[in-house]
Amino acid sequence: MADTVLSVILDKILPLAAAETSRAWGVKKALQKLSKKVEMVEALISDAKCKQSTSKAVQLWLKRLQSIARDAEIVLDDFGYEVLRQKVENRKRDKLRNLFSISSSNPISFPLQMANKIKNVSASLEEAYKEAKRIGLHPAQLPMASADHKEDRWTAPFVDESETVGREAEVSKVVSMLISSDCKKDLPVISIVGMGGQGKTTLAQLVLKNENVTKHFDKIIWVCVSDDFRVERLLNHMLQSLGDHSLGEKNAETTTKEALVRRLQENLKGKSYLLVLDDIWNDDPLKWNDMRICLLAIGGAPGSKILATTRSDEVASAMQTSGLHHLDILSDDNSWMLFEKLAFADGGATMTQDLVGIGRRILKKCGGVPLAIKVIGGLLYSKKDASEWSKLEKSEIWNESTDIAKRVMSVLKLSYENLPSWSVKQCFASCSIFPKDAVMEKQSLIQIWMAQGLINDAKGGGGHLQMEDIGSEYFNVLLRSSLLQASPEYGIKYGGMHDLVHDLSLQVSNNRFFNTEDGMEVSHHDEVMHLTIIGSPGKVLKNIEGIPPNLQTLYYLEGDGIMLEDILERSRYLSVLKVGSWHVTHLPNAVGNMKHLRHLDISRTKITALPDSITKLYNLMTLKVRCLEEIPKKFGNLINLRHLEFARGGSGCLFPGIGQLANLRTLPPFRVSQDKGCQLEELEHLRNLRGKLKISGLENVSSFESAAKAKLSEKSSIQGLRLSWNGTKEDCDDNSINSVMEGLQPHPNLKSLAIEGFEGSRLPLWMVLLRNLEQRL
């Protein structure tokens with residue numbers, strides 16, 4: 001598949017054209033014709049990319065092509081939705097009769113409408129092709145195989161970001177300032193100042209790990225500030241850093257400064273604390289004074305201090321800094337030590353005399369800035385011979401500017417340009433929808449990429465690759481390139497972006513991502529397809545009509561349910577919907593009209609029930625909820641669902657007939673009962689389960705045969721298993737209990753096993769077969 005914006009369209013056309021439905025509806029030839037038109041236009045994109053920087057006409061052509069691609073995606077998704085709807089109906093009706101019952105409301109008009117829409121898209125592509133010829137674009141030969149899935153899978157060994165060099169003396173200097181008692185001022189500020197990418201945050205993290213600091217302060221609080229200096233937000237993040245989430249979940253209506261200060265007083269009474277304010281941009285003394293008044297009101301024990309990191313001396317001055325440390329660049333030797341760990345890591349380039357010489361010359365151009373060194377090291381890791389290293393050394397990026405800050409951004413862009421495929425580049429651009437300093441959970445990020453059509457199941461080296469596996473490869477490539485950074489606290493399961501990298505992701509997203517807050521207008525930009533709305537209850541977003549009609553992604557944060565309902569009425573083409581507001585208590589019925597929705601995350605709301613209309617979302621792949629008290633009766637209609645996740649565990653929900661959802665990869669705690677559709681045999685058809693599985697209520701299973709129906713031994717992707725009994729039934733003897741355990745034999749690949757409440761007299765024989773077991777509880 002060619003590595004371009006239209007690849008997603010071809011990935012959708014090919015299976016639809018092969019489907020029996022397309023022949024029955026008489027649109028098979030129209031789809032095949034559309035496929036050829038896509039390939040014709042796709043062959044021009046390579047030339048367009050080369051010319052877009054010097055031609056306004058080519059820029060406009062690419063922009064128009066993006067719009068056509070989105071229209072095509074919507075049409076094909078409508079088609080795919082009907083195919084899935086029929087699969088659901090085929091469970092109830094005669095298959096042949098259902099094949100022609102295309103739409104319950106208008107069975108004749110739908111295929112005609114679909115055929116017309118496909119022809120319109122083909123016509124648009126035909127016109128785009130003619131326009132391309134007029135502006136001088138020429139076709140390039142398309143590759144024979146997918147650029148995304150090569151025979152040899154990418155290797156991406158993780159380099160621990162906490163491994164730093166050359167900062168020992170600076171750590172000691174900042175530690176001395178923090179534990180010194182010389183300053184008589186209440187709550188003094190110590191500031192670390194340095195340019196972007198120089199390692200201010202890393203230095204602060206190293207300081208916090210110092211034993212003298214951990215002993216000196218009772219509490220350490222970390223808050224990422226960035227350019228969002230709202231006092232209420234910062235106080236709330238202080239509470240979260242202390243592990244107090246009560247205001248955020250239970251009493252969201254009391255998040256005033258006064259309420260937040262009272263809660264912090266309770267947490268910090270009589271305790272000395274170190275507050276780290278990372279990456280401050282605000283240089284307004286009045287805003288800082290407002291924050292300082294709140295901090296002084298919180299109290300805490302004498303000796304509490306603030307450690308701030310910032311790029312600006314003006315910011316440090318506005319905060320009335322008592323101690324200032326300007327961060328030095330890395331020396332040549334320390335720069336080389338850091339570079340060597342990355343470029344010559346296991347699986348990377350071999351350290352030859354030629355490569356060492358070229359590498360040292362390249363490092364001089366990085367100016368001792370750690371971020372630039374990490375990016376260059378990660379980039380050269382995958383380049384094995386001297387000619388490739390020399391090409392980078394002679395790159396024009398080094399001549400773009402003598403300003404080291406601008407040169408760092410050029411290095412970041414070079415790393416982006418060297419990503420192995422268009423799909424990986426789009427996944428990187430997709431990260432720009434998150435706020436700066438956000439921590440992105442790896443699996444959630446992959447699920448969003450899947451919903452946005454950036455990942456598809458594919459065949460590659462080693463057999464069939466599922467979307468989740470391909471997404472994991474993409475994530476690791478971005479880590480390897482230092483475009484994502486592993487979370488210092490959680491490792492490679494979570495990722496973050498340096499501020500400069502976030503700026504780059506916005507730049508390469510070509511205006512397709514837009515963030516808006518209270519009082520800001522949503523401008524009518526057709527190219528915007530991904531929108532974040534940060535609102536507050538009671539405040540109305542201006543110009544709601546300006547929300548683009550073809551919006552693909554919506555993050556709705558901190559607003560109320562009334563505004564959400566209005567927005568969803570206008571945004572029926574969404575693929576991704578994430579709602580993060582404790583003021584939202586129900587999901588509007590309008591969600592059932594969103595045929596294209598593939599990712600629904602309402603885990604940070606007070607929603608405890610789903611509307612019946614949700615069972616029409618046949619495309620839905622991921623559903624994240626906090627907890628549910630009930631589910632719709634036709635929940636089994638969600639035949640495309642791959643991930644069903646609860647933010648809050650507990651005893652788990654009963655899902656009668658969960659076995660109908662054969663695509664499930666992630667399942668919340670499964671509670672066995674004797675009710676219809678809740679027996680253990682429901683797990684038999686869930687062959688794709690992976691990750692962790694918890695099964696409780698096993699006292700309701702009475703025999704080996706009943707237990708074996710779950711076929712756990714065939715589920716090779718389950719890595720963690722928890723088996724739980726709550727007492728024993730009166731009619732169950734020791735042999736029955738032991739035989740049930742024997743029937744629950746998992747696959748030998750299992751890495752973690754926990755057993756709770758088992759009252760049998762012997763452990764099962766299959767325990768000795770678990771050679772990969774890393775944890776037994």
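The model is predicted, so local features need pLDDT of at least 70 and side-chain atom pairs count only at pLDDT 80 or more, while totals for chains, interfaces and linings use all residues. Residues are numbered from 1 along each chain as its sequence is written, and side-chain values use heavy atoms, without hydrogens and water. Helices (H or I, at least four residues) and strands (E, at least two) are DSSP runs, numbered from the N terminus.

**Helices H10 and H13**

- The axes of helix H10 (residues 231-241) and helix H13 (residues 285-298) come within 10 Å and cross at roughly 35°. Axes are lines fitted to C-alpha atoms, for helices over the stretch in contact, and angles run from 0 to 180 degrees between N-to-C directions.
- Val231, Leu234, Leu235 and Met238 in H10 touch Lys287, Asp290, Met291, Cys294, Leu295 and Ile298 in H13. Contact means heavy atoms within 4.5 Å.
- By class, the contact of H10 with H13 has eight nonpolar, no polar and two charged residues. Here Asp, Glu, Lys and Arg are charged; Ala, Val, Leu, Ile, Met, Phe, Trp, Tyr, Cys and Pro are nonpolar; the others, Gly among them, are polar.

**Paired strands**

- Strand E18 (residues 670-671) runs parallel to strand E19 (residues 691-696), with two bridges. Two strands pair if DSSP finds at least two bridges between them.
- Arg671 has Ser696 in E19 as its bridge partner.
- E19 also pairs with strand E20 (residues 718-724), in the parallel sense over five bridges. Ile695 stands opposite Leu723 in E20.

**Salt bridges**

- The structure holds 20 salt bridges (a side-chain nitrogen of Lys or Arg within 4 Å of a carboxyl oxygen of Asp or Glu).
- Lys257 and Asp290 form one of them, at 3.2 Å, N to O. This pair links distant parts of the chain: Lys257 lies in helix H12 (residues 257-268) and Asp290 in helix H13, 33 residues apart.
- Lys257 is partly exposed at 25% relative accessible area, and Asp290 is partly exposed at 28%. Buried means under 20%, exposed over 50%, partly exposed in between (1.4 Å probe, protein chains only).
- Glu170 and Arg167 meet at 2.7 Å, N to O. Glu170 is buried at 7%, and Arg167 is buried at 6%.
- Arg134 and Glu127 meet at 3.3 Å, N to O. Arg134 is exposed at 55%, whereas Glu127 is partly exposed at 33%.
- Glu127, Glu131 and Arg134 are linked in a salt-bridge network.
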